[in-house]
Amino acid sequence: MPTAAACRAGHRRSCEPSSRAAAGWGITAAARGNTVDLQIIGSRGDLFTTYGHYDLGHWDPQWQKVSDNRLTAISSSAEGNVVHVVAVNEDNKVYSRDADYDAGTWTPWIEIPGGATGVTAITATTTG
């Protein structure tokens, strides 16, 4: 892993993983049992995810790109084996999508009803 000094000195290529997930705008985490789902907004506004397997003692070695968007803020929460991701897109509106790990699928992004505009930050929680 490159040192912080090398990154600041302009050796940016060595600071980003091959998935181009680095230099993002936001980060969020949600726990599902012994697994932590970590999502970030990549340098181009895309959504990336990786997993920390605490029962196995390691993180996945790579980030996975899970959507092509222009996100500006992100948050997440988990309920059972579903991670709910809420985000602000470049249009400053609020959207959500779910990762259902029992089904092995992500839902499409949907705009949260109500007409919220000009949103710059977001947070999520789950009750139940």
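I started with the Ser-75 side chain and found it 2.9 Å from the backbone nitrogen of Ala-124, a polar contact (N or O atoms within 3.5 Å; within protein, one able to donate a hydrogen and the other to accept it, and residues adjacent in sequence counting only if both atoms are side-chain atoms). This is a predicted model, so local features need pLDDT of at least 70 and side-chain atom pairs pLDDT 80 or more, while totals for chains, interfaces and linings use all residues. Numbering runs from 1 along each chain as its sequence is written, and side-chain values use heavy atoms, without hydrogens and water.

I placed Ser-75 in strand S6 (strands are DSSP E runs of at least two residues, numbered from the N terminus). Ser-75 is buried at 7% relative accessible area (buried is under 20%, with a 1.4 Å probe and protein chains only). Leaving out residues up to four places away in sequence, I listed what Ser-75 touches (heavy atoms within 4.5 Å): Thr-28, His-84, Val-85, Val-86, Ile-122, Thr-123 and Ala-124.

Next I looked at Gln-39, in strand S2 (residues 35-41). Gln-39 counts as buried because its relative accessibility is 0%. Its side chain makes a 3.4 Å polar contact with that of Ser-76. Beyond four places in sequence, its contacts include Leu-47, Ile-74, Val-83 and Trp-106.

Conventions. Helices (H or I, at least four residues) and strands (E, at least two) are DSSP runs, numbered from the N terminus. Buried means under 20% relative accessible area, exposed over 50%, partly exposed in between (1.4 Å probe, protein chains only).
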